[in-house]
Amino acid sequence: MVTESRADATPRVQVRRLHPVDWELTRQLRLAALRDSPEAFAGNYGEASARTPEQWQAWPGRGVVYAALAGDGPVGLACGWLPEDTPGFTDLISMWVSPAARGRRIAGMLIDAVAGWARGQGT
C-alpha cells in the first residue's frame with residue numbers, strides 16, 4: 001500500500017490494490033471515470049454499467065486494479081494490463097483521478113503502484 005500524508009488539512013491518500021471481492025468499488029470508480037471523461041477511455045458508460053458482477057470481478061482480465069482512497073471515499077483508479085501480443089510489457093490503462101482530488105499527486109501514486117506490480121510481473 002502506498003500512502004501520502006500532508007501537514008495541512010488535506011486528507012491522507014491511500015492507494016490499494018483491488019481484488020475481485022472489491023468489484024463494487026472497481027465498478028464505482030470506473031463508471032465515475034467514464035462519466036467524467038468519456039472520450040479518454042476505451043468502452044463507454046452504457047456498456048460498462050451493463051456489466052454483471054462476474055464481469056466486474058474478472059475485469060481487467062490479465063491485469064490489476066488500484067484505487068486511491070482519501071477522506072470520505074474513492075478518488076482515483078489506475079489499472080495495469082499485460083497485453084498478450086507484447087510479452088514483457090505492461091500497459092497503464094483506466095488512469096483517472098476525480099476532478100476534486102486533482103493536483104495532489106494522486107496520479108503519480110497510482111502510477112507508482114501499477115509500476116511496482118509490473119516489476120513483480122517481470123515487465
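Rings of Phe, Tyr and Trp (its six-membered ring) pair if their centres lie within 6.5 Å, with planes under 30 degrees apart called stacked, over 60 edge-to-face and the rest tilted. By this rule there is 1 aromatic pair here. The model is predicted, so local features need pLDDT of at least 70 and side-chain atom pairs pLDDT 80 or more, while totals for chains, interfaces and linings use all residues. Residues are numbered from 1 along each chain as its sequence is written, and side-chain values use heavy atoms, leaving out hydrogens and water.

**The tryptophans**
- Trp 56 and Trp 59 form an edge-to-face pair, 5.9 Å centre to centre with 70° between the planes.
- Both Trp 56 and Trp 59 are buried (under 20% relative accessible area, 1.4 Å probe, protein chains only; exposed is over 50%, partly exposed in between).
- The charged end of Arg 51 sits over the ring of Trp 56, 4.5 Å from its centre (CZ of Arg, or NZ of Lys, within 6 Å of the ring centre and within 35 degrees of the ring normal).

**Helix H1**
- Helices are DSSP runs of H or I with at least four residues, strands are E runs of at least two, and both are numbered from the N terminus.
- The 14 residues of H1 (residues 23-36) should span 20 Å at 1.5 Å a residue, and the end C-alpha atoms are 20 Å apart, which agrees; the expected span is 1.5 Å times one less than the number of residues.
- Buried residues of H1 include Trp 23, Leu 25, Leu 29 and Arg 30.
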